[in-house]
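Please look over the sequence and the structure together before reading on.

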Amino acid sequence: MKEFYCGKKILITGHTGFKGSWLTRILVNWGATVVGVSLPPDTAPNLFETLELAGKIKKNYFTDIRDFNKIKNIFEIEKPEIVFHLAAQPIVRDSYDDPLATFSTNIIGTANILQAIKEAGGVKSAVIITTDKVYENKEQDYPYKETDALGGYDPYSASKAAADIVTSSYIRSFFNPSDFGQKHDTLVAVARAGNVIGGGDWARDRLIPDMVRAIFERKESVIIRNPKAVRPWQHVLEPLGGYLLLGKKMFVGHGDLSGAWNFGPGEDGLVRVEELVEKGISILQQGVFEVAEDASKHEANLLKLDASKAGILLDWHPKWSLTQSLEKTFSWYEKFYGGKEDPSKFTDSQIAEYFGE
Ligand SMILES: NC(=O)c1ccc[n+]([C@@H]2O[C@H](COP(=O)([O-])OP(=O)(O)OC[C@H]3O[C@@H](n4cnc5c(N)ncnc54)[C@H](O)[C@@H]3O)[C@@H](O)[C@H]2O)c1
């Protein structure tokens, strides 16, 4: 992948976010020419500034994806060959506080990116990032497959399911693989991943950031909600590896890869919130937690993902167990808060280890 991405012109939306910063760093390390489109980072600290990514990419646009004219202009100026669309309002609880902003960013924002790809031309492959929460959750012990019905109880899940449907409409109407090479030259895929963990996330209302802030910054108990909720946890590099594989394989014309993909962890990654916190505390050898049950905002209790399609057709398989993923995550934060090493160095060493460089 390193050889393939070297010199490619990549546009990443959401490059100032947690996953986007890791993806930007990987692609910069591999010699790609990266352009980023996002809002400025909204947490302090944040991974984007920690890794000094603004100075490492070709162009940094702080532009709202809801502004179609500006987005189209960026595509026309930058002429990307590959697009990774990650920009979103991604927090379930924030979506209850501001459903309209969530719907407009996640649905209209995604439509704007797809329309800009269509109008500007020149993009050979695009990976649109949604989530495992797009599936109509039956709260059953059942791993969702790509062909299962979409839905969404909370505004975030509904907005992402809608973004997924918008993407499917663009694929069928404008980027249909059966017309590839005749009516258009673009292949588009949707990637649905589970809850990601990893160093450098400081978002509000997420478990690992809540843990590290409580343990390293405030030296207080970790407060957890929904202790019994089961989630598919995976290291951030796992789905990013999947997105990068899709981006590469569609670029070289694999029309059969257009469509939806699940990137979930192995069986061991499926644990309750309280188990994850207990494991984290035992790895860190510090911290205690308290449960604050909060039933005021509905969140799914059980969510499983079937990633066998990616295993069979992309040869994508989770590489790190849950324990390894937690060890990588907490060792990152320990080094960050220890303040002795350059964060770019320990981030790069995890990237090199994951991709076998
Ligand atoms: N973190 C997870 O566990 C997880 C799980 C499944 C899917 N996802 C999806 O992965 C993607 C990235 O998530 P993340 O965890 O890195 O989130 P994040 O909150 O760290 O980053 C979000 C990014 O989107 C940008 N953004 C938000 N609104 C925007 C707007 N109106 N215009 C332009 N940019 C805007 C932000 O500036 C930021 O760069 C999202 O699409 C999210 O839904 C995340």
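A residue is called buried when its relative accessible area is under 20%, exposed when that value is over 50%, and partly exposed in between, as judged with a 1.4 Å probe and the protein chains only. Helices (H or I, at least four residues) and strands (E, at least two) are DSSP runs, numbered from the N terminus. The model is a predicted one, in which local features need pLDDT of at least 70 and side-chain atom pairs count only at pLDDT 80 or more, while totals for chains, interfaces and linings use all residues. Residues are numbered from 1 along each chain as its sequence is written, and side-chain values use heavy atoms, with hydrogens and water left out.

Two strands are said to pair if DSSP finds at least two bridges between them. By that rule, β5 pairs in the parallel sense with strand β4 (residues 82–85) over four bridges, and it is joined by five bridges to strand β7 (residues 187–193), again running parallel. Individual bridges can be located by residue: Ile128 of β5 is the partner of His85, whereas Ser125 has Leu187 of β7 as its partner.

His85, which lies in strand β4, counts as buried because its relative accessibility is 1%. Its side chain makes a polar contact with the side chain of Thr110 at 3.1 Å, where a polar contact is a pair of N or O atoms within 3.5 Å; within protein, one atom must be able to donate a hydrogen and the other to accept it, and residues adjacent in sequence count only if both atoms are side-chain atoms. Contact in the wider sense means heavy atoms within 4.5 Å, and, leaving aside neighbours within four places in sequence, His85 is in contact with residues including Thr13, Ile65, Ile113 and Val127.

The next topic is the nonpolar interior. A nonpolar core is a set of buried Ala, Val, Leu, Ile, Met, Phe, Trp, Tyr and Cys residues joined through side-chain atoms within 4.5 Å. The largest such core has 73 residues, and those with the most contacts inside it are Leu27, Phe84, Tyr243 and Phe263. Helix α9 (residues 237–251) gives this core its largest share, eight residues. When neighbours within four places in sequence are set aside, the contacts of Tyr243 include Phe84 and Phe263, and among them are also Val127, Ile129, Ala191 and Ala193. A second, separate core has 21 residues, including Leu11, Tyr61, Ala126 and Ile171.

Thr131 is found in the loop between β5 and β6 (143–144), and it counts as buried because its relative accessibility is 5%. The side chain of Thr131 reaches the backbone nitrogen of Lys133 at 3.0 Å, and, with residues up to four places away in sequence not counted, Thr131 touches Tyr156, Lys160, Ala191, Arg192 and Ala193.

Oxygen atoms of the ligand lie 2.6 Å from a polar side-chain atom of Thr16, 2.8 Å from a backbone N or O atom of Leu86, and 2.7 Å from a polar side-chain atom of Lys160. The protein covers 91% of the 830 Å² of accessible area that the ligand has on its own.Accessible areas come from the Shrake-Rupley method with a 1.4 Å probe, and for residues only the protein chains shown count as cover.

Some points of backbone geometry remain. Most residues other than glycine have a negative phi, and most peptide bonds are trans. A cis peptide bond, with omega about 0°, joins Ala44 and Pro45, and Pro45 is placed in the loop between β2 (33–38) and α3 (47–50). Lys219, in the loop between α8 (207–218) and β9 (222–224), has a positive phi of about 50° although it is not a glycine, and with a relative accessible area of 65% Lys219 is exposed. Asp315 likewise has a positive phi, near 55°; it is found in the loop between α11 (308–314) and α12 (322–338) and counts as exposed at 58% relative accessibility.
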